[in-house]
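Please consult the sequence and the structure shown below while reading.

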Amino acid sequence: MPNENNSGILLYAQTNREGYIHTVFFELVDKAKDLAQKLGAVDVNAVIFTSDIEKYKEAFQNMGLDKVFYFEDERLKEYSTLYYSKLFIDVAKLTAPEIILIGATNQGRDLAPRISSELHTGLTADCIELDINEKGLLAATRPTFGGQLMATILCKTYPQMATVRPGVFRVRSVDNKKDTEFIKMESDLDSVDDKVKLLEFKKLINAEINDLDSAEIIVCGGMGLKNKQGFDLLKQFADKIGATVAATRPAVESGLAPRAVQIGQTGKTVHPKIYIACAVSGAIQHVVGMEGSDHIIAINNDPNAPIFDIADTGIVGDVFDIMKKYIEN
Ligand SMILES: Cc1cc2nc3c(=O)[nH]c(=O)nc-3n(C[C@H](O)[C@H](O)[C@H](O)COP(=O)(O)OP(=O)(O)OC[C@H]3O[C@@H](n4cnc5c(N)ncnc54)[C@H](O)[C@@H]3O)c2cc1C
């Protein structure tokens, strides 16, 4: 039953060290707006920890948020589980949201469980779909039993909480502009004994990982490429057409590509303009990570390969011959 004491949806606007808001937040805003409509046009609000709210104001207004609660405090410059969760909970107690949504980033996966346990409520982690059911409850769907089943989970307590994997929802470019209310919150942190000290920050530089998120063309290698030589050829093919390389899970597990470029249920979800599946069979666990691509091209020597069921363009043939032709021309 919808709870008359709780209303609205509260989102976490995560920023990175460079001060950019994480893309998963934009994805969540659009989804939250859909859910809010189903709940009777309730508010969609956000929490942000920042030293400069001014630079985000226009973005929040354009996204059509109702209220943004912000904390400005030197102690919040670096992510801290205890500080961030305490202050997020302050906003949750103040606003009594019906739903809290947080991106399933490394930070979100750390923050969300602490908030849910402090609020004595449930948390459905790593969701791939969210909806409102006929009783007005959040229906949060996530893979379970190692990805063998999809489970839709309802929460009996409020606020209903979920984390959502980045890349699962798409950002819509619709005009939502609103006169967002910005509310400065007091950072009451003196009672918090932050036991964790950040001694050093080392950035993991991996261009391929970052490229996949923004790549317009992705070429994905499957087990039909057989070995390292096959993946070297795939890389040459990708360079020739200006694409970024990804891989299926067995290819990753065989050491042919890094784990960070795995596409699918247990990997990344991507939405490039063009996705070229090279010797990929098209198992459902792979397809869930790439079916949102604008145009899917499949190259496979088996005309009955399931990948052709979802491909916009199918090429039946030997992947090595086809890639070589492109590389040589
Ligand atoms: C719980 C769980 C989670 C999973 N998560 C993921 C995931 O996140 N991502 C993922 O990718 N998989 C995942 N899998 C594995 C998935 O079920 C498939 O096994 C996998 O996607 C198949 O990979 P593949 O297409 O590379 O290999 P294969 O299924 O072996 O397909 C190889 C394809 O290459 C074609 N081929 C061979 N030689 C050539 C050639 N010379 N020219 C053209 N085509 C050729 C073949 O016809 C075949 O279709 C998961 C499985 C489970 C059980």
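Which helices and strands each supply at least two residues of the shell around the ligand? They are α7 (249-253), α8 (284-287), β14 (295-300) and α10 (319-328). The model described here is a predicted one.

**Overall form**

- The chain contains 10 helices and 15 strands.
- Its radius of gyration is 22 Å, close to the 20 Å given by the globule rule for 329 residues, so the chain is as compact as a globular protein of that length.
- Along the principal axes, a box of roughly 65 × 50 × 40 Å holds the C-alpha atoms of the chain.
- Buried residues make up 39% of the 329 residues of the chain.

**Domains**

- Two domains are assigned in the chain, with domain 1 spanning 9-184 and domain 2 spanning 207-328.
- The centres of domain 1 and domain 2, taken over C-alpha atoms, are separated by 32 Å.
- Contact between the domains involves six residues of domain 1 and eight residues of domain 2.
- On the side of domain 1 that touches domain 2, two residues are nonpolar, two are polar and two are charged.

**Surroundings of the ligand**

- The shell around the ligand takes at least three residues from domain 1 and at least three from domain 2.
- There are 31 residues around the ligand, and those that come nearest are G147, G222, G224, G264 and S281.
- Sorted by class, the shell has 17 polar, 11 nonpolar and three charged residues.
- Helix α7 gives the most to this shell, supplying three residues.

**Residue I297**

- I297 lies in strand β14, one of the elements that each supply at least two residues of the shell around the ligand.
- Is I297 buried, exposed or partly exposed? I297 has 18 C-beta neighbours inside 10 Å; a buried residue would need 20 or more and an exposed one 12 or fewer, so I297 counts as partly exposed.
- Beyond its neighbours within four places in sequence, I297 is in contact with I274, I276, A311, T313 and I315.
- L28 lies 269 residues from I297 along the chain, and 29 Å separate the C-alpha atoms of the two residues.

Definitions and conventions: Residues numbered from 1 in each chain as written. Predicted model: local features only at pLDDT ≥ 70, side-chain atom pairs only at ≥ 80, totals over all residues. Domains from an automatic or database assignment. Contact = placed C-beta atoms within 7 Å. Nonpolar A, V, L, I, M, F, W, Y, C, P; charged D, E, K, R; others polar. Helix = DSSP H or I, 4+ residues; strand = E, 2+ residues; numbered from the N terminus. Rg over C-alpha atoms; globule rule 2.2 N^0.38 Å. Near = placed C-beta within 6 Å.
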